[in-house]
Amino acid sequence: MKTARRTEMVKHLSEKQLDEAINEAQKADETRLVRRLCFIKNVSLGDTDKMAARRVGASQPTGGRWLKAWNEGGVDGLRPSFAGGRPAKLSSEQFDEFFTLLEDGQPWTPQEIDDLLWDRYGVTYDRSHLARILRADGMQYAKPRPMDPRQSPDAEEDFRERLGEALTKDNGDEPLVLGFFDASWPQPFENSQRLWSYDRTVEIDKPLVAVPWKTLGFYALLGKSTLIFRKRTTKESICAALEAIREQNPVESGVPNDRFCARDG
């Protein structure tokens with residue numbers, strides 16, 4: 001199993017001094033510095049760069065830049081270089097670079113884009129104005145579609161082919177039972193956060209997770225739907241589920257037969 005790497009951090013301050021620096025930044029209303037110092041504290045307590053960044057709502061690359069700035073300059077290295085007044089906006093050349101970075105690193109959360117703008121260019125944009133800029137460059141803002149990385153790239157084509165065969169099969173006077181057979185179980189992933197991407201459909205990998213009970217379901221379009229609960233989705237449990245479907249739908253045509261259960265794997 002691959003473990004997250006942890007970048008070494010220079011210990012400029014003791015834990016007590018770091019807490020005092022966070023308190024001073026809070027009193028001075030330096031919200032950006034507070035966030036970065038909290039990231040540093042999380043790393044000092046044993047978090048990886050990725051986990052420490054996630055705790056303060058930042059991306060791993062952003063956390064890496066903060067850690068590098070801390071190692072080189074301590075608190076002053078983390079303090080935003082922009083001192084006050086209205087920050088300058090991006091030039092056309094900077095916009096070209098900005099859009100290239102967005103395309104190479106997609107998809108992005110709004111916060112990650114804000115971090116990129118500030119950390120690389122020292123500028124901020126109103127979210128609604130920035131959204132218009134991103135859309136004008138062809139970006140989409142949508143919820144990601146979860147994709148199991150084990151799914152065959154030809155799954156949709158295979159489904160259409162098998163469905164066509166089932167619908168055109170001559171069953172004589174036998175009634176047709178037609179439906180979807182699938183396994184499902186709770187997933188500890190959240191995908192309600194919208195992401196910015198140049199792709200029309202944003203996709204993220206969501207590997208399936210093993211939990212104690214799984215639901216094997218036959219969702220009938222023609223026939224009677226059935227739900228079966230099993231601890232494991234083995235060959236034997238799937239065959240038992242198919243038998244339960246047959247009992248609820250006493251028709252041979254349209255329901256997988258014993259040849260399925262005789263297959264290996």
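Colleague: How many salt bridges does a search of the whole structure find?

Modeller: The search finds eight salt bridges, and please keep in mind that this is a predicted model. One of them joins the side chains of Arg35 and Asp115, with N to O at 3.0 Å.

Colleague: Which helices do Arg35 and Asp115 lie in?

Modeller: Arg35 lies in helix 2 (residues 31–44) and Asp115 in helix 6 (residues 110–121), so the pair ties together parts that are 80 residues apart in sequence.

Colleague: And are Arg35 and Asp115 buried or exposed?

Modeller: Both Arg35 and Asp115 are buried.

Colleague: What about Arg36, which side chain does it meet in a salt bridge?

Modeller: Arg36 meets the side chain of Asp119, at 2.9 Å from N to O. This pair, too, links distant parts of the chain, with Arg36 in helix 2 and Asp119 in helix 6, 83 residues apart. Arg36 counts as buried at 8% relative accessibility, whereas Asp119 is partly exposed, its relative accessible area being 24%.

Colleague: Which residue forms a salt bridge with Asp114?

Modeller: That is Arg127, and the closest N and O atoms of the two are 2.7 Å apart. Asp114 counts as buried at 18% relative accessibility, while Arg127 is partly exposed at 42%.

Colleague: Switching to the rings, how many aromatic pairs does the structure hold?

Modeller: It holds seven aromatic pairs. In one of them, the rings of Phe95 and Phe99 have their centres 5.6 Å apart and their planes at 20°, so the pair is stacked.

Colleague: Where are Phe95 and Phe99 in the chain?

Modeller: They are four residues apart in helix 5 (residues 92–105), and so are separated by about one helical turn. Phe95 is buried, with a relative accessible area of 17%, and Phe99 is buried as well, at 16%.

Colleague: Which residues do the ring pairs link into a cluster?

Modeller: The cluster consists of Phe95, Phe98, Phe99, Tyr121 and Tyr125. Tyr125 also has the charged end of Lys89 over its ring, 4.5 Å from the centre.

Colleague: And which residue lies over the face of Trp118?

Modeller: Arg32 does, at 4.2 Å from the ring centre.

Methods:
Residues numbered from 1 in each chain as written. Predicted model: local features only at pLDDT ≥ 70, side-chain atom pairs only at ≥ 80, totals over all residues. Heavy atoms only, no water. Phe/Tyr/Trp six-rings, centres within 6.5 Å; stacked < 30°, edge-to-face > 60°. Helix = DSSP H or I, 4+ residues; strand = E, 2+ residues; numbered from the N terminus. Buried < 20%, exposed > 50% of the residue type's maximum accessible area, 1.4 Å probe, protein only. Lys NZ or Arg CZ within 6 Å of the ring centre and 35° of its normal. Salt bridge = Lys/Arg side-chain N within 4 Å of Asp/Glu carboxyl O.
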